[in-house]
Amino acid sequence: MKSIPIILLGCGGVGRQLLHHIISCRSLHSKQGIVIRVVGVSDSSSLLVSDDIMLSGMRDEFLAEICRAKSAGSPLKSLLNHGHCQLYTGQDALENIVSIASSLGRSIGLAVVDCSASAETIGLLEQVSSLGCCVVLANKKPLTCGIDDFEKLVSHFRRIRFESTVGAGLPVIASVTRVISSGDPISRIVGTLSGTLGYVMSELEEGKAFSEIVRAAKSLGYTEPDPRDDLSGMDVARKGLILSRLLGWRINLSDIKIESLYPSEFGPNSMSTEDFLSKGLSQLDVKLKERVATASSKGNVLRYVCVIEDSRCNVGLRELPKDSALGRLRGGDNVVEIYSRCYKNSPLVIQGAGAGNDTTAAGVLADIIDLQDLFA
């Protein structure tokens, strides 16, 4: 049986769903000759580590208890007496992860799985990668930091997977990487890279109010913890940046033209998430309704689109023909079109569900399994 030990960073919706997937897939993975051992789990304040990281890991019953506790808003430290594990906080937590990486990285192997939404994990990920560990990301922020840090993180490309950072469970990264590796230069990538905004745009077509749609999307788990990460276009811009950098472009977020769906006075520095949801959103209803009506009068629909072409990446609202691939899009699906020499007149098209904790966690799990040949 091939053993893949992992440390999970982040116990939010995606992290908890990943643990559920790991538990529910035990029988399937056993038939494939694989066992995923969760040896550590961390939240924003602490880290729980199994007493035996070398041979076993946390029991499934304890992993389920972690999910229940975190869903109820309890910290990991409240579970210290429920399982055979040690608790670390602050700098001790970071040092312990590095210590585990040093012990397992080049011998048994270790995958550090970042399902947080933090920009502060980049240094840790670089450290564990340099120690021979694998890195799996659902968190986009480490890949959208400064270009030098990005290049350090992806320098061991065989040991890093980040499919879920762009299309949840869709094979967007794999497809782009495959085309590039074949020597087929990519000239253009265009698509709707946000299931959240795809859902919002298609619901707007049905005549629903923008504020009503966004609140519903948040309750369904389609949005980031602060929906403004989606509505600002920043989430799409991060995805566009990751794809642009895969094409070899040394650009940063500041180089991307981004159209926000809310004004700056409604931003995080001026208004809390709660106030934005309860007061700010409704003030945007009329403007978005008018833009939808204007597009409709021309026989078009409104879509939030990312265009990567000629060393530039732009994201924002565009009017598109109703019968186009992007115009026909409904719900939370993503559509990505890849144009290259081989796919010049008929692009490579990838379409499917592009949002939700379940889909994203499934993509993360697939990335972990994809690393199996690197483990003893």
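Predicted model: local features only at pLDDT ≥ 70, side-chain atom pairs only at ≥ 80, totals over all residues.

Biologist: How are helices α1 and α15 oriented to each other?

Modeller: Helix α1 covers residues 13–24 and helix α15 covers residues 357–370, and their axes lie 8 Å apart at an angle of about 60°. The contact involves G13, V14, Q17, L18, H21 and I22 on the α1 side. On the α15 side, N357, D358, T360, A361, A362, V364, L365 and I368 take part. An angle under 35 degrees would count as roughly parallel and one of 65 to 115 as roughly perpendicular, so α1 and α15 are oblique.

Biologist: What is the handedness of the crossing of α1 and α15?

Modeller: The two helices pack with their axes 8 Å apart. The crossing of α1 and α15 is right-handed.

Biologist: Which term describes the orientation of α9 to α10?

Modeller: Helix α9 (residues 195–205) and helix α10 (residues 210–219) have axes that come within 10 Å and cross at roughly 140°. Roughly antiparallel requires an angle over 145 degrees, and α9 is therefore classed, relative to α10, as oblique.

Biologist: Which residues of α10 make the contact with α9?

Modeller: The passage of α9 by α10 is a right-handed crossing. From α9, the contact draws on Y199, V200, E203 and L204. Its partners in α10 are F210, I213, V214, A216 and A217.

Biologist: Are α4 and α5 roughly parallel or roughly antiparallel?

Modeller: Helix α4 spans residues 90–104 and helix α5 spans residues 122–130; their axes come within 9 Å and cross at roughly 20°. In α4 the contact residues are L94, I97, V98 and A101, and in α5 they are L124, Q127 and V128. The crossing of α4 past α5 is right-handed. Angles under 35 degrees count as roughly parallel, so the description for α4 and α5 is roughly parallel.

Biologist: What kind of aromatic pair do F157 and F162 form?

Modeller: The structure holds 2 aromatic pairs. In the pair of F157 and F162, the ring centres are 6.2 Å apart and the planes stand at 85°. Planes over 60 degrees apart fall in one class, and the pair is therefore edge-to-face.

Biologist: Which of these two residues is buried?

Modeller: F157 has a relative accessibility of 35% and counts as partly exposed. The cut-off for buried is under 20%. At a relative accessible area of 3%, the buried residue is F162.

Biologist: Over the face of which residue does R245 lie, and at what distance from the ring centre?

Modeller: There is also an arginine, R188, over the face of Y339, at 5.6 Å from the ring centre. R245 lies over the face of F150, and its distance from the ring centre is 5.0 Å.

Biologist: Where is D310, and what is its phi?

Modeller: D310 is in the loop between β10 (300–309) and β11 (312–321). This residue is exposed, with a relative accessible area of 53%. D310 is not a glycine, yet its phi is positive, at about 55°.

Biologist: What is the phi of S311?

Modeller: S311 is placed in the loop between β10 and β11. S311 is a residue other than glycine with a positive phi, near 60°.

Biologist: Is S42 buried or exposed?

Modeller: S42 belongs to strand β2, residues 34–42. Leaving aside residues up to four places away in sequence, S42 touches L8, L9, G10, C11, L47 and L76. Its relative accessibility is 8%, and since the limit is under 20%, S42 counts as buried.

Biologist: Which residues does S211 touch?

Modeller: S211 is part of helix α10. At 5% relative accessibility, S211 counts as buried. Apart from residues up to four places away in sequence, the residues touched by S211 are L281, S282 and D285.

Biologist: How many Å apart in space are E274 and D226?

Modeller: E274 lies in helix α13, which runs over residues 273–280. E274 is exposed, with a relative accessible area of 57%. E274 and D226 are 48 residues apart in sequence, and their C-alpha to C-alpha distance is 9.1 Å.

Key:
Residues numbered from 1 in each chain as written. Heavy atoms only, no water. Helix = DSSP H or I, 4+ residues; strand = E, 2+ residues; numbered from the N terminus. Buried < 20%, exposed > 50% of the residue type's maximum accessible area, 1.4 Å probe, protein only. Phe/Tyr/Trp six-rings, centres within 6.5 Å; stacked < 30°, edge-to-face > 60°. Lys NZ or Arg CZ within 6 Å of the ring centre and 35° of its normal. Contact = heavy atoms within 4.5 Å. Axes fitted to C-alpha atoms, helices over the stretch in contact; angles between N-to-C directions. Left-handed = near helix turned anticlockwise from the far one by under 90°.
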